[in-house]
Each structure stands twice: as structure tokens, then as C-alpha cells.
Amino acid sequence: MNSVLIGGSEDPNIQHLQPYFNTFIDIKSNIVWDINKDYITISNKPFKPTSLFYKYNYFETKNTNNIIQNFNCSLLYNYIQYKKKLKVFNRYYYSRPIQKLTNLSLAKDLGFNIPTTEYSKGDNKQLKVVKPINGGMYTEEGTSTKYSCIIQEKIIGYNKRLYLINDKYFCFKINTDSLDYRNDDKSTIDLCSVSKDTLNKSFKLAKKLKLNFCCLDFMTNTQDWFLEINTNPFFSEFNKLTNNNLAKTIHEELNK
């Protein structure tokens, strides 16, 4: 079994996975794929992986390296789509655009509780939760926006994050006073339980989207309110609470 991990050495998510993979390769490496051969060459060394996990390095700040990363990620996507026997997570999701509104609609159809949601500029009256439709920015509060985006009612409760890895799962409570916990340096994380109803619906949504590695975000009070599903989530801080069992499970389930 030749399991290859590709990402940034600065990325804590990659750092947590490295002990479990046979080979680590930096995402900025010189990657060559001669389509007449059944392997890729990385820094002049041939590789024929049986499983592959790669993650864009969001911790890289140099523009030139970001261009290299973008090109290499596109190359790996092409290689993955051709190599059908290569074990990867979420094979069928790479070619899809970000589809937050589609996922919310599908979750609603499965019976999830969904905050009142619309794509608009807001009404300039009621305070709402404001999110970019394509992701990449933090969630904020507001009554209106310059450009249309996802506008949701604000649910009062606590953040819950549920990781699904094939049929395995890990659930966490995020303790924060901020709307977006990524803005809160004082936020903490605890392991928590999840109801059978929420868990069953979560697996159904992941199956519908053909995802075998993802995490779902909820706001929880007397019930769970589905917010979104992430297809290549960060997990390093959550992994620490599991004594590295989350990272170990990612590798084990990838290589089944």
C-alpha cells in the first residue's frame, strides 16, 4: 500500500496526517505526468500511489507559490479522475462548483431544520447572518450588503461540528462568543454527542452528495440547525481532542 500525502509542510492539518502516510510531498513540488506512463514523477522521483490525499496549502502567502499550487491541484484532479482505482476521498466532488444553497435545499428536503435563507442584498432593517455564496470569507452580521450574498436568520445557540469519514464520525462543540469561531482566539472545543436523527440525516446528505469525507456545521439550541457542509475541512485542532484518532481514521478509511 503506497499512501501519498500532498500538501504544505506549514499546514497543521497535513502535519497531523504525516505520521500515517508512507510518503509526504510538498504541494509546490515539480510534478510531472507523462500520460504515456502509468505513474507521476515528483521532483524527479516516480510515484504510483494506491491512495492519495491532497490539500491546498492556505498557509502559503507567496503569490508565485499559490500559482504553482493551483496548477498542481488541477493536475492532481486530472490524474485522480483518470486513475479510477486510486483511492481518494470525494472523487466526484472536485469538478463541482461551491453549492452552499443547493446543499441547504437538499438538507431541507431530508428534514433538517434550516434557518430562513435567501440570496439577496438584505432588507436594511433586520439584523441577519451574512455569508459569501462562494465561501472563502468569514461569516458576519448585517442588515444589508453591497452585493447579493447568502442572508440567513440568526440562530441563538452553540456551534456543533460533525465530521463524517465513510461510516465513522466525530462530533464537537465549539465554545465561542463570536459569530464565526475563526475570529475568536479564545474559542475552545469539546467532544460532544449527536442525536441519532441528526446523524442519520447527515449520512444521508453525504451519500446524496457522494461525499465520503466531510464535516457538517450546526447551530444547536433545543434542536440542531443545519448551516453548511464542508468537503475538505480543516481538522487539526479537533484532532487534538481525539488523541490523534481523527487523523488516524482519515488514513485508515482512505486505505480500506
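P12 lies in helix α1, residues 12–17. Helices here are DSSP runs of H or I with at least four residues, strands are runs of E with at least two, and both are numbered from the N terminus. This is a predicted model, in which local features need pLDDT of at least 70 and side-chain atom pairs count only at pLDDT 80 or more, while totals for chains, interfaces and linings use all residues. Residues are numbered from 1 along each chain as its sequence is written, and side-chain values use heavy atoms, with hydrogens and water left out.

Back to P12. Its relative accessibility is 21%, so P12 counts as partly exposed. The cut-offs are these: buried is under 20% relative accessible area, exposed is over 50%, and partly exposed is in between, with a 1.4 Å probe and protein chains only. Leaving aside residues up to four places away in sequence, P12 touches F59 and S236. A contact means heavy atoms within 4.5 Å. The C-alpha atoms of P12 and Y169 are separated by 21 Å, and these two residues are 157 apart along the chain.

Next, S29. This serine sits in the loop between β2 (23–26) and β3 (31–32). Is S29 buried or exposed? S29 counts as buried, because its relative accessibility is 15%. A polar atom of the S29 side chain lies 2.7 Å from the backbone oxygen of D26. Not counting residues up to four places away in sequence, S29 touches I42, S43 and N72.

Now the charged pairs. Side chains of opposite charge can pair when their charged atoms come close. The structure holds 12 salt bridges, a salt bridge being a side-chain nitrogen of Lys or Arg within 4 Å of a carboxyl oxygen of Asp or Glu. One of them joins E60 and K28, whose closest N and O atoms are 3.5 Å apart. E60 is in the loop between β6 (51–54) and α2 (63–82), and K28 is in the loop between β2 and β3, so the pair ties together parts that are 32 residues apart in sequence. E60 is buried, with a relative accessible area of 10%, while K28 is partly exposed at 24%.

Another place to look is K168. What does K168 form with D167? K168 forms a salt bridge with D167, where the closest N and O atoms are 3.2 Å apart. D167 is exposed, with a relative accessible area of 51%, and K168 is partly exposed at 33%. The side chain of K168 also meets that of E253 in a salt bridge, at 3.3 Å from N to O. That pair links distant parts of the chain, with K168 in strand β12 (residues 168–175) and E253 in helix α6 (residues 245–254), 85 residues apart. E253 is buried, at a relative accessible area of 6%. A network of salt bridges links D167, K168, E253 and K256.

On to the cysteines. How many disulfides are there? The count comes to 0 disulfides, where a disulfide is a pair of cysteine sulfur atoms within 2.5 Å. Take C171: the closest cysteine sulfur is in C192, 3.6 Å from the sulfur of C171, which is too far for a bond. For C73 the closest cysteine sulfur is in C215, 19 Å away, again too far for a bond. C171 counts as buried at 4% relative accessibility, and C73 counts as buried at 13%.

On a 1 Å grid over the protein atoms alone, a cavity is a set of points where a 1.4 Å probe fits but cannot get out, and lining residues have an atom within 4 Å of a point. The largest cavity holds about 50 Å³ of space, the volume being the space filled by probe spheres set on the points, with grid points joined across faces, edges and corners. Its lining residues include K100, K131, Q152 and F226. Where does the largest share of the lining come from? The largest share, 4 residues, comes from β15.

Last, two backbone angles. Most residues other than glycine have a negative phi. N44, in the loop between β4 (40–42) and β5 (45–47), has a positive phi, near 70 degrees. N44 is exposed, with a relative accessible area of 72%. N243 has a positive phi of about 60 degrees and is not a glycine. N243 is found in the loop between α5 (236–241) and α6, and N243 is exposed at a relative accessible area of 68%.

Note on methods
Polar contact = N/O pair within 3.5 Å; in protein donor to acceptor, adjacent residues only side chain to side chain. 1 Å grid on protein atoms, 1.4 Å probe; cavity = no way out; pocket = protein on both sides within 12 Å on 5 of 7 lines; lining within 4 Å.
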